[in-house]
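Please open the structure in a viewer and keep the selection tool at hand.

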Amino acid sequence: MNKFYITTAIDYVNSVPHLGHAYEKIAADVFARFYRLKGYDTYFVTGVDEHGTKIEKAAKAANIAPQEFCDNITAKFIDTWKTLNISYDDFIRTTQERHIKAVTKIFEKLYANGDIYKDSYKGWYCSGCEAFLQEKDLVDGECVIHQRKAEWIAEENYFFKIAKYKGRIKQHILDNPGFIQPEGRRQEVLHLIDDFKDVSVTRQSVEWGIKVPIDDTQTIYVWLDALSNYITALGYLSGNEESKLSPTLSLTMDSTHSTSSVTTSSPTEERENDGKFSRYWPANLQLIGKDILRFHTIIWPSMLLGLGLTLPETIYIHGFIYSRSLKMSKSLGNVVDPNELVEKYPVDAVRYYLLREVVFGADGDFTLEAFEQRVDADLANNLGNTLNRTLAILNKNLQGIVPEGEVDSNIIALIEKVVNDVDNSMKKFAIQDALISIWELVNAVNKYIDNQKPWAIAKLVKENPDDKNTFKSLCDVLYTSLESLRVIAILLSPYLPDITSKIWEQLGIIQPLQSCKWDNIKSNQLKTGTKTNHKGPVFLRVGSELADKSKKL
Ligand code: MSP
């Protein structure tokens, strides 16, 4: 069986999640659900980055111990991902013992390999980036991304020999056009890799981090710690010996994603995790935002080569979500809280807007006006309406029972085309194109109903109950619509898991939608005699006050 291992960046917990964080996790969730649907052995990891100066400072400002501060914010991330139906298999925290133990060994292994050396360092540090910046990157002494003063730091650090690996990485990028995507980002990396300097991988003045095993005056640099999560989550170097560190309490989600609980990892878990590493590494898709490109395309591959591990298949760099065309910031008051959106609107409206409106890989913008317009047009008017009117006519004329019928040949051909198009688009990471293709089918079915006018055929059937041909055409039209809706629900399930499960329920299909596989899409699988379950529109216009009602259906 093919496998698909997908990861996201792990979020800093200096503040609560915003729509930008949510965007990345939703996109990753779509790929995970898509590959599960395709029958791949899929593993999806996300989590939080809890160490470093940024968190240390935020905890201090809140007057709370760093671990407690992390526990509070991490719980908010977990809740948000639950609300947004993010179907991750593992949620890693960098303060978990399993991670700390493995990162310590990763450091030791790289040091033993001669990849880490001690030197003194002087430079400008931005705690927003958690990185040293060059003088030329500063404007009036400020980091341009975080618009805050960089600090002058002079200290003894351990350095990672990027110089040892960058030639091999460059060659790998040249030989494998799919390694860094989209292409513009690949070019960006090719431009900066030659001048990339060795990086400091420890800090002297930062307390909140993993201690350097060979020198307890230093902590491991937050990026070396964080990047390792992609392999420590799979149990890399988890070993079975007792940890020298005291156990760290950790907040984890159970596998049904429904509850959070405080746990420590057990030896059994470690043994299982050993298996996960060989089962899932290398990652097939690592999703990250554009601001953390160089960490993932130069430092991370260098670490992997140093550890003797295979590089991931694809690192895909998505764009940023802006709010009213501006970077979300507390001072501008334009931070969009995904939880507030989901309190007011159906969760799939939020997912749909981000996935359909933004070209994956490019930047996108969020405004309430565009949001309401997009979801009202596509979800309420087209998708919701197609189901609603089909089931209403079926109820009125055939007691809501799926008749025996033949699917229209044009619709069969379109289904075949759309299934192929969606598959191809997803291979190219073109989520928006995949949705546009699915809507080709939604619109075609709506138009088919308009043209065939089943309500008028039904009237003729009532007038001439013995006319078998008219009755057959009514059955064919309704069966075509119902069968198309079944296909649409399966195709759309990775993107809109909530609405599609409601469509599924109304269609009355017994096999759970989650257990459907790509092969189930083939036409003519809707069983004659199925009792549908019409409950009204699955999606009401969000612009209307009825929005809340559609959430409850
Ligand atoms: N902790 C590091 C990542 C370590 S990964 C080993 C970090 N954290 S972050 O919280 O700042 O960002 C997490 C992810 O969210 C990153 O991929 C980042 O690019 C993404 N985004 C942060 N703001 C964003 C938007 N406004 N829009 C889209 N994605 C954004 O960096």
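A residue counts as buried under 20% relative accessible area, as exposed over 50%, and as partly exposed in between. The model on display is a predicted one.

**First stop: a side-chain contact**

Please select Asp71, which has its place in helix H3, residues 66-83. Is Asp71 buried, exposed or partly exposed? Its relative accessible area is 31%, and Asp71 is therefore partly exposed, since that class lies between 20% and 50%.

Asp71 and Arg93 are separated by 22 residues in sequence, and their C-alpha atoms lie 9.8 Å apart in space. The side chains of Asp71 and Arg93 are joined by a polar contact of 2.7 Å.

**Second stop: the ligand**

Now select the ligand together with its surroundings. The ligand is surrounded by 23 residues, and the closest are Ile10, Glu24, Asp49, Asp291 and Ile321. Which kinds of residue make up the shell around the ligand? The shell consists of 11 nonpolar, eight polar and four charged residues.

At Tyr12, a backbone N or O atom lies 3.0 Å from an oxygen atom of the ligand. At Gly20, a backbone N or O atom is 3.4 Å from a nitrogen atom of the ligand. At Gly289, a polar backbone atom lies 2.9 Å from an oxygen atom of the ligand. Taken alone, the ligand exposes 640 Å², and 94% of that is buried by the protein.

To see which elements contribute two or more residues to the shell around the ligand, colour strand S2 (11-12), helix H1 (19-37), helix H7 (222-227), helix H8 (229-232) and strand S18 (285-289).

Please select Val139, Val144 and Ile145, which form a nonpolar patch on the surface. Together these residues have about 250 Å² of accessible area. Val139 counts as partly exposed because its relative accessibility is 48%.

**Last stop: a covered helix**

Finally, select helix H12, residues 347-357. How many of the 11 residues of helix H12 are buried? The helix is mostly covered, with 10 of its 11 residues buried. Among the buried residues of H12 are Val347, Ala349, Val350, Leu354 and Leu355. The buried residues of H12 also include Asp348, Arg351 and Arg356, as well as Tyr352 and Tyr353.

How values were computed:
Residues numbered from 1 in each chain as written. Predicted model: local features only at pLDDT ≥ 70, side-chain atom pairs only at ≥ 80, totals over all residues. Heavy atoms only, no water. Near = heavy atom within 4 Å. Polar contact = N/O pair within 3.5 Å; in protein donor to acceptor, adjacent residues only side chain to side chain. Areas by Shrake-Rupley, 256 points an atom, 1.4 Å probe, with all protein chains shown as cover. Helix = DSSP H or I, 4+ residues; strand = E, 2+ residues; numbered from the N terminus. Nonpolar A, V, L, I, M, F, W, Y, C, P; charged D, E, K, R; others polar. Buried < 20%, exposed > 50% of the residue type's maximum accessible area, 1.4 Å probe, protein only. Patch = residues over 30% accessible without salt bridge, like charges linked within 9 Å, V, L, I, M, F, W, Y side chains within 5 Å. Salt bridge = Lys/Arg side-chain N within 4 Å of Asp/Glu carboxyl O.
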